[in-house]
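Here are my comments on the model, as numbered points. Please read them with the structure open.

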Amino acid sequence: MATPSTTIVSVPILAKMIDHSLLHPTMTDAEVEAGLELSLKYNVATACIKPYSIAQAKKVLDGSTVKICAVIGFPHGNSATKIKVIEAQEAVAEGAHEIDMVVNVGKVLGGDYEYVRTEISAVDFVVKQGGAILKVIFENDYLGDKEIISLCKICTDLEVAFVKTSTGYGFVKDSASGMYSYKGATFPQLKLMRENCGDKIQIKAAGGVRSLDDLIKVKALGVTRIGATATAAMLEEATKRGIGEKEVEVKVKWNEGEAGGAAVY
């Protein structure tokens, strides 16, 4: 896959790439309310919320084009399959249009792909049955290329709607220092996911997409959705740069090695 040097953008295109993230564990109802109002103001794709906030989100977003995205098995993916199924079923019944589910990372790393496939299939079935779509969260910080490719192939076979890089909370502990670090969506891994997913499978980048330039770069790589908290900053910056309602072609500037190749200008 060649590294693209241009992409087509507009404010509406960029806004509808964003799942505005309202997932921090300390968020109060008032903070969630403010985030929902921001989602409405910028007319993003979805407000991404914890399941208990679905009723609150419906009050704010009903009648708009901003959908409700609820997370399940979040953030570690360790719930039993039947619990994930129930959680997804309930979230869709309550009004979620999209479900972001975390895989069982331990099962992935242990190579138990039959378990992983069965779980994704079970959740995808009830989500589709309710008229919603599923995004499968890999938590790439914990995985190598081999595991990412295997998950891409499973999700392609099952025809899930999206694969997603990360939760935003997959912190990795350094064995020497004891410090925790987090990368989230990286450009090389996004290219890897695009190359190993079927054409109908969409990609969501979450964690690390914090600026307009980041958003434009991941779009150029074939990403159609991102998870973000910097929604206002990105879209206001787009307006400042002269990006408006009409579609325009913009250049994508890659730093040396950023997307697995030389700089593109």
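1. Start with a loop. Gly-73 sits between β4 and α4 (81-94). This is a predicted model. Is Gly-73 buried or exposed? Its relative accessibility is 6%. The cut-off for buried is under 20%, so Gly-73 counts as buried. Beyond its neighbours within four places in sequence, Gly-73 is in contact with Ser-79, Lys-84, Glu-87 and Val-102.

2. Check the peptide bond from Phe-74 to Pro-75: it is cis, and omega is near 5 degrees.

3. Glu-139 is not a glycine, yet its phi is positive, about 60 degrees. Glu-139 lies in the loop between β6 and α7. Glu-159 is likewise not a glycine and has a positive phi of about 60 degrees. Glu-159 lies in the loop between α7 and β7. Which of them is buried? Glu-139 is, with a relative accessible area of 1%. Glu-159 has 56% relative accessibility and counts as exposed.

4. Now the overall picture. The protein chain has 10 helices and 12 strands. Its radius of gyration is 18 Å, close to the 18 Å from the globule rule for 265 residues, so the chain is as compact as a globular protein of that length. The C-alpha atoms fill a box of roughly 50 × 45 × 40 Å along the principal axes. Buried residues make up 51% of the 265. Among contacts with a separation of 6 or more, 71% join residues 24 or more positions apart.

5. The barrel comes next. How many strands close into it? There are 8, in the order β2-β3-β4-β5-β6-β7-β10-β11, with parallel pairing. From one strand to the next, the twist averages 25 degrees. Helix α2 packs on this sheet and touches β2 (18-22) and β3 (46-49). The direction of α2 makes about 170 degrees with that of β2. Helix α3 lies across β3 and β4 (67-72), and runs at about 170 degrees to β4.

6. Strand β6 (residues 133-137) and strand β7 (residues 162-164) are parallel, joined over 3 bridges. Lys-135 stands opposite Phe-162 in β7.

7. Another strand pair runs the other way. Strand β1 (residues 6-9) is antiparallel to strand β12 (residues 248-251), and 4 bridges join them. Val-9 faces Val-248 of β12 across this pairing. The side chains of β1 alternate.

8. Helices α2 (residues 29-42) and α3 (residues 54-61) pack against each other. Their axes are 10 Å apart, at an angle of about 40 degrees. The crossing of α2 and α3 is right-handed. On the α2 side, the contact uses Asp-29, Val-32, Glu-33, Leu-36, Glu-37 and Leu-40. On the α3 side, it uses Gln-56, Ala-57, Val-60 and Leu-61. By class, the α2 and α3 contact has 6 nonpolar, 1 polar and 3 charged residues. In an α-helix with 3.6 residues a turn, residues three or four places apart point the same way.

9. Now the pair α7 (residues 145-158) and α8 (residues 187-196). Their axes come within 9 Å and cross at roughly 35 degrees. This crossing of α7 and α8 is right-handed. From α7, Asp-145, Ile-148, Ile-149, Cys-152, Lys-153 and Thr-156 take part. They meet Gln-189, Leu-192, Met-193 and Asn-196 of α8. The contact of α7 with α8 divides into 5 nonpolar, 3 polar and 2 charged residues.

10. Last, helix α9 (residues 212-220). How many of its 9 residues are buried? The helix is mostly covered, with 8 buried. Among these are the charged residues Asp-214, Lys-217 and Lys-219. Gly-222 follows α9 and has a positive phi, near 105 degrees.

Note on methods
Residues numbered from 1 in each chain as written. Predicted model: local features only at pLDDT ≥ 70, side-chain atom pairs only at ≥ 80, totals over all residues. Heavy atoms only, no water. Axes fitted to C-alpha atoms, helices over the stretch in contact; angles between N-to-C directions. Helix = DSSP H or I, 4+ residues; strand = E, 2+ residues; numbered from the N terminus. Left-handed = near helix turned anticlockwise from the far one by under 90°. Contact = heavy atoms within 4.5 Å. Buried < 20%, exposed > 50% of the residue type's maximum accessible area, 1.4 Å probe, protein only. Pairing = 2+ DSSP bridges. Rg over C-alpha atoms; globule rule 2.2 N^0.38 Å.
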